[in-house]
Amino acid sequence: MTSLPAVASPRKLGLVIDLDICVGCHACVVSCKEWNTGGYGSALSDQHPYGADVSGAWLNRVHSFEVAPEGGEVVGEAGQARIVHFPKSCLHCENAPCVTVCPTGASYKRGDDGIVLVDEEKCIGCGLCAWACPYGAREMDLAAGVMKKCTLCIDRIYNETIAEVDRVPSCVRTCPANARHFGDLGDPHSAVSMMVEERGGMDLMPEQGTKPVNKYLPPRPRTPLSASASQLPLAEHTEGAKGFFAWLDGMLDRI
């Protein structure tokens with residue numbers, strides 16, 4: 001079996017995902033697929049992508065859930081339930097079970113930055129890492145016959161031939177809502193660490209003891225519109241309007 005680094009890396013590169021503002025657009029999913037099909041490792045394959053029996057390797061997926069606050073109801077209580085979009089990929093755990101279960105050393109954790117990777121030359125496609133991962137973050141590529149996983153776009157973040165602004169994972173660079181953030185979570189003064197501290201960032205399934213590096217920022221409580229309706233300003237009257245506004249007021253009256 002494979003061993004984790006004897007000394008934990010002081011650098012812990014990972015993602016912080018804000019569940020409050022993720023809109024579930026799947027831009028990160030598509031961008032990840034595109035970059036990792038032409039980047040590190042072999043291409044991510046699809047089988048019968050337009051058929052009835054579709055399968056394929058995706059390193060990042062977004063799940064959507066309807067949730068309600070404690071005491072609320074999903075049905076029959078307008079304004080209580082809400083949709084939360086939940087992106088999921090490899091969490092680059094400190095105690096990564098996918099690494100320690102690997103019989104060939106194909107799955108390994110880097111000692112200098114904590115990123116978990118797969119050496120495809122050593123992978124025999126046994127699937128033990130997929131069984132060991134409690135987050136379902138491993139994907140078997142049926143065409144290549146090897147396991148795939150998020151690499152944090154290692155071929156981007158250290159690539160000095162591209163602009164510095166692009167030296168982040170593809171999913172982070174693509175997110176239109178700025179819900180995904182990348183940085184060193186081992187540095188308490190980094191922007192991502194301070195974000196986790198301020199917002200109460202959470203581990204996914206902490207009871208598993210895997211110590212995931214990636215963190216999730218919980219959705220903020222919602223204020224019902226009815227609670228602030230009395231504070232909304234009333235529409236201003238248009239009596240005495242002149243020029244363009246007088247013409248516009250007249251046209252709207254005819255509608």
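Which residue forms a salt bridge with Asp 20, and how far apart are the closest N and O atoms? The partner is Arg 82, with the closest N and O atoms 3.8 Å apart. The model is predicted. This briefing covers side-chain contacts, a surface patch and a pocket.

**Salt bridges**
- Eleven salt bridges are found in the structure.
- In the bridge between Arg 82 and Asp 20, Arg 82 belongs to strand S5, while Asp 20 sits in the loop between strand S1 (13-18) and helix H1 (27-38), so the pair ties together parts that are 62 residues apart in sequence.

**Aromatic pairs**
- Two aromatic pairs turn up in a search of the whole structure.
- One of them is edge-to-face, because the ring planes of Phe 65 and Phe 86 stand at 75 degrees, with the ring centres 6.5 Å apart.
- Phe 65 is in strand S4 (residues 61-67) and Phe 86 in strand S5 (residues 82-88), so this pair links distant parts of the chain, 21 residues apart.

**Surface patch**
- A nonpolar patch on the surface is formed by Phe 244, Trp 247, Leu 248, Met 251 and Leu 252.
- Together these residues have about 500 Å² of accessible area.
- Trp 247, one of the patch residues, lies in helix H8, which spans residues 243-254.

**Second largest pocket**
- The second largest pocket holds about 180 Å³ of space.
- Its lining comprises 13 residues, and those nearest the centre of the pocket are Pro 5, Ala 8, Ser 9, Glu 94 and Lys 109.
- By class, the lining of this pocket has six charged, four nonpolar and three polar residues.

Technical notes. Residues numbered from 1 in each chain as written. Predicted model: local features only at pLDDT ≥ 70, side-chain atom pairs only at ≥ 80, totals over all residues. Heavy atoms only, no water. Patch = residues over 30% accessible without salt bridge, like charges linked within 9 Å, V, L, I, M, F, W, Y side chains within 5 Å. Areas by Shrake-Rupley, 256 points an atom, 1.4 Å probe, with all protein chains shown as cover. Salt bridge = Lys/Arg side-chain N within 4 Å of Asp/Glu carboxyl O. Helix = DSSP H or I, 4+ residues; strand = E, 2+ residues; numbered from the N terminus. 1 Å grid on protein atoms, 1.4 Å probe; cavity = no way out; pocket = protein on both sides within 12 Å on 5 of 7 lines; lining within 4 Å. Points joined across faces, edges and corners; volume = space filled by probe spheres on them. Nonpolar A, V, L, I, M, F, W, Y, C, P; charged D, E, K, R; others polar. Phe/Tyr/Trp six-rings, centres within 6.5 Å; stacked < 30°, edge-to-face > 60°.
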